[in-house]
Amino acid sequence: MAAPGENFRINGDRLWDSLMEMAKIGPGVAGGNNRQTLTDEDAEGRALFQKWCEDAGCEMGLDTMGNMFAMRPGADPDALPVYVGSHLDTQPTGGKYDGVLGVLGALELIRTLNDLDVKTKHPIVVTNWTNEEGTRYAPAMLASGVFAGVHTEAWAKDREDAKGLKFGDELKRIGWEGEEPVGSRKMHAFFELHIEQGPILEAEGKDVGIVTHGQGLSWTQVTITGKDAHTGSTPMPMRRNAGLGMAKVLQLVDEIAWSNKPDAVGAAGHIEVFPNSRNVIPGKVVFTVDFRSPELSVIEDMEARLKEGAQKICDEMELKVEFEKVGGFDPVKFDDGCVTALRDAAERLGYSQRDIISGAGHDACWINQVAPTAMIMCPCVDGLSHNEAEEISKEWATAGADVLLHAVVETAEIVE
């Protein structure tokens, strides 16, 4: 298939203006956005997006989970569409770019094709996935998960927010529940542009990151039981200090993660100490070890080493230890063909690039289960996201959208 020429680029000023216009809907208190899913602000953002898509000649589809699909027709009515997009919902104290860049970057792609009167064999569909953030309704990537068959629609619509309001009821209330059965669409491929949400690209001065994998995750809850005792009157040889046992296990966790560098990570974020009194030696601790890696075999090895090492530590200290797997998902490997299309596009356009692994979840991680999928990332200042101070530059946004344009159009096949 013919690749577009290097002078084939999006309108960076127009993309930036669209980002700033969308940011006016659901403004935060500190310069960012609060446009949580299925709120009135979400409905307003959706309406603006639909207007822009229809102005660009697209026909809007809406499924029963509220996922939005704006289609630019292709020359071949039987060709499966190339999908591209992300999400418009934000965190309560979110930034202006997380998710939104991927949706509006995809819209800008359509506008550019219209400007240049370029036709493609495959239709191109700009997508806004409902409730990617998961902040109001857990879990994250909820509607794309239903689309991919990871969750049932009934279960998803029964999710409740902190006020007891159900997802399904709120979707109806804001008027964005469609009639199209969720998951009924077939895709030729799916591409997602996103800010990195990490510091690597900025630190290394790279224009774009080609996402080859999404990290898998393992949560193991560890309970260590010793004996409560007075910190002043209990001789050192007679102590069964669960807190000290935990400290040694956490040191082990760090060593295990470091031994699988550079892509594996590990730590304990959730820690409880009992009875948590200044003058009582801890008799019990409960903590959750979070291991992540793009390789399933590495995650499994880290889990095994944790159990073996922690058991040995606790046996030597005469402590009891228990393990419970309380969460996790397998790593994602994105499609080689889609990844290559992004990599080649960046090279053709002269943008500096590096392969990168996503440490966060994205809609693309679920869609990868039902269609060839890949992601591209642009830098963000200090790697900061899920924060109103989240910031990118117009040049970064333009570079990411340019690469997206080339990869999508090459995959959709230009019609001469």
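Predicted model: local features only at pLDDT ≥ 70, side-chain atom pairs only at ≥ 80, totals over all residues.
Good morning. By a cavity I mean a set of grid points where a 1.4 Å probe fits but cannot get out.

How many cavities of 30 Å³ or more does the count give? The count comes to 1 cavity. The largest cavity holds about 30 Å³ of space. Its lining is formed by Thr90, Gln91, Gly94, Gly95, Asp98, Glu133, His386, Asn387 and Glu390. By class, this lining has 6 polar and 3 charged residues, and no nonpolar ones.

Let me now turn to the domains. The protein is divided into two parts: domain 1 covers 12–214 + 331–412, and domain 2 covers 216–329.

Next, the contact between the domains. Their C-alpha centres lie 38 Å apart. At the interface, 5 residues of domain 1 are in contact with 9 residues of domain 2. Together the two domains bury about 500 Å², and 67% of that area is on carbon and sulfur atoms. Which residues of domain 1 lose the most area to domain 2? They are His213, Pro331 and Ile357, which together account for 76% of what the domain 1 side buries.

As for specific interactions, there are 0 salt bridges between domain 1 and domain 2, while 2 residue pairs are in polar contact. The side of domain 1 that touches domain 2 has 2 nonpolar and 3 polar residues, with no charged residues.

Thank you for your attention.

How values were computed
Residues numbered from 1 in each chain as written. Heavy atoms only, no water. 1 Å grid on protein atoms, 1.4 Å probe; cavity = no way out; pocket = protein on both sides within 12 Å on 5 of 7 lines; lining within 4 Å. Points joined across faces, edges and corners; volume = space filled by probe spheres on them. Nonpolar A, V, L, I, M, F, W, Y, C, P; charged D, E, K, R; others polar. Domains from an automatic or database assignment. Contact = heavy atoms within 4.5 Å. Buried area = accessible area lost by both parts, 1.4 Å probe. Salt bridge = Lys/Arg side-chain N within 4 Å of Asp/Glu carboxyl O. Polar contact = N/O pair within 3.5 Å; in protein donor to acceptor, adjacent residues only side chain to side chain.
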